[in-house]
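Here are a few exercises to work through with the model open beside you. Try each task before reading its solution.

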Amino acid sequence: QVALDPLTGVWSRSAILSTLKCELARAQSESNSLTVFKTDIDGLDRVNESHGQMAGDATLREVAQRIQSVNRQYDSVGRFSGEEFIILAPGRGGPEAWSHAERMRASISERAVDLPEGMVHITASVGMVTVQDANGAEAKAVLSAADAALSKAKSRGGNQVAAADPGDVFLVRSRGKGAKRDGHGDKRSVA
């Protein structure tokens, strides 16, 4: 498996997912928080359509650099899919996590990308979820909560940050602690 995404130079999807599992385990063993950010480039399809795939690739590389520039050395950045990035921030929660998400969003959105084809203005949407103490949280559940938050940011017009709903965080925290979801996604106690 390739550890780095060949286009952007950040962690590949498989590497960032493996790192997420390790960070969740570490957060649990150290009774610490972990915030997971899922970032999507708003309108990258328009860049590809109007300027070509190479311009879209250059935009992805620039976005990856901007995300890395505002993260701490021990945070992890990975390309999750085409235009989505996952950022793992151990020990960061509450207002500090929200401020960090805004800094990432602003670092992407406030300056146009200078391409040979011309200046391209892009924005980003960020969904975030903070897991405190991990409590047996599963990577899949954490990513689902971050994805729901990202969908919320995009549905509100994009270029903004949204946090997972408290119910989503509760579900993430309660997985592995005697709670399961029923067939409709609702939490139920296990007898």
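**Exercise 1: the sheet**

Strands β1 (residues 33–42) and β3 (residues 84–90) run antiparallel and are joined by seven bridges. This is a predicted model.

*Solution.* 
1. Now read the strand order, which is β2-β3-β1-β6-β7 in an open sheet of five strands with mixed pairing.
2. From one strand to the next, the twist averages 20°.

**Exercise 2: a helix**

Compare the reach of helix α5 (residues 139–155) with the expected value, and list its buried residues.

*Solution.* 
1. The helix has 17 residues, and at 1.5 Å a residue a span of 24 Å is expected.
2. From first C-alpha to last, α5 reaches 24 Å, close to that expectation.
3. Taking buried as under 20% relative accessible area, the list for α5 is Ala139, Ala141, Val142, Leu143, Ala145, Ala146, Ala149, Leu150, Lys152 and Ala153.
4. Beyond the helix, look at Gly157, which follows α5 and has a positive phi, near 110°.

**Exercise 3: the largest pocket**

How much space lies in the largest pocket, and which residues line it?

*Solution.* 
1. The space comes to about 150 Å³.
2. The lining consists of Leu4, Gly9, Val10, Trp11, Gln68, Asn71, Arg72, Gln73, Asp75, Ser76 and Val77.
3. Sorted by class, this lining has four nonpolar, five polar and two charged residues.

Note on methods:
Residues numbered from 1 in each chain as written. Predicted model: local features only at pLDDT ≥ 70, side-chain atom pairs only at ≥ 80, totals over all residues. Heavy atoms only, no water. Helix = DSSP H or I, 4+ residues; strand = E, 2+ residues; numbered from the N terminus. Expected span 1.5 Å × (residues − 1). Buried < 20%, exposed > 50% of the residue type's maximum accessible area, 1.4 Å probe, protein only. 1 Å grid on protein atoms, 1.4 Å probe; cavity = no way out; pocket = protein on both sides within 12 Å on 5 of 7 lines; lining within 4 Å. Points joined across faces, edges and corners; volume = space filled by probe spheres on them. Nonpolar A, V, L, I, M, F, W, Y, C, P; charged D, E, K, R; others polar. Pairing = 2+ DSSP bridges. Axes fitted to C-alpha atoms, helices over the stretch in contact; angles between N-to-C directions.
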